[in-house]
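Please open the model in your viewer and keep the sequence panel beside it.

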Amino acid sequence: QCSAEGEEGALCMLNALQMKAAKLEVDAAAEGEPSSCTSGMVGQVRSFAPGCLDACPQACGPLGVAMNAYMTKGGQPAARTAVCQYKSQFSCFLSSSVWPQ
């Protein structure tokens, strides 16, 4: 339950939406639907570096969003905007535990 006021309320709602999206992806994977990590453009990227994306599955959906923004909404500036919207998901790639992958 989120308060509808101010920045704190907005962050709470954003967090709730992200948690709902993550649950939907888990449910879809359990039902045999393709994962955002293994399908589409992200799936093609994963084929080159599976260990990297497997270590940060929460970044697969946002990576797809950023790639789509790059391809269809204005190149690097659009992709940068998308990446900035998902900083916490992309921060996984900077973790020292992912680098050996």
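The stops below each begin with a selection and then say what is found there.

Before selecting anything, note that this is a predicted model, in which local features need pLDDT of at least 70 and side-chain atom pairs count only at pLDDT 80 or more, while totals for chains, interfaces and linings use all residues. Residues are numbered from 1 along each chain as its sequence is written, and side-chain values use heavy atoms, with hydrogens and water left out.

**The whole chain**

Show the chain as a cartoon: the protein has six helices and zero strands, where helices (H or I, at least four residues) and strands (E, at least two) are DSSP runs numbered from the N terminus. Colour by accessibility next, and buried residues make up 24% of the 101 residues, with buried meaning under 20% relative accessible area, exposed over 50% and partly exposed in between (1.4 Å probe, protein chains only).

**Helices H2 and H4**

Select residues 40-48 (H2) and 60-72 (H4), whose axes come within 8 Å and cross at roughly 110 degrees. That makes H2 roughly perpendicular to H4, a label given to angles of 65 to 115 degrees, whereas those under 35 count as roughly parallel, those over 145 as roughly antiparallel and the rest as oblique. The axes are lines fitted to C-alpha atoms, for helices over the stretch in contact, and the angles run from 0 to 180 degrees between N-to-C directions. Display side chains here, and Met-41, Val-42 and Val-45 in H2 are seen to meet Cys-60, Leu-63, Gly-64, Met-67, Asn-68 and Met-71 in H4.

**The largest nonpolar core**

Which residues of the largest nonpolar core touch the most other members? Select Val-42, Leu-53, Cys-56, Cys-60, Leu-63, Phe-90 and Phe-93, which do so among its 16 residues; such a core is a set of buried Ala, Val, Leu, Ile, Met, Phe, Trp, Tyr and Cys residues joined through side-chain atoms within 4.5 Å. H4 and helix H5 (76-85) each supply at least two residues of this core, and H4 gives the most, with five residues. Centre on Phe-90, which, leaving aside its neighbours within four places in sequence, is in contact with Pro-62, Leu-63, Ala-66 and Val-83.

**Helix H5**

Move to H5 and select Ala-78, Ala-79 and Ala-82, which are buried. They cover an arc of only 100 degrees around the axis, which puts them on the same side of H5; the arc is that of the directions from the helix axis to the C-beta atoms. The buried residues of H5 pack against H4, while Gln-76 and Pro-77 are exposed on the other side of H5.

Select Thr-38, in the loop between helix H1 (6-30) and H2, which touches Gly-43 and Arg-46 when residues up to four places away in sequence are not counted.

Finish with Pro-57, in the loop between helix H3 (50-55) and H4, which is partly exposed, with a relative accessible area of 41%.

Definitions and conventions: Contact means heavy atoms within 4.5 Å.
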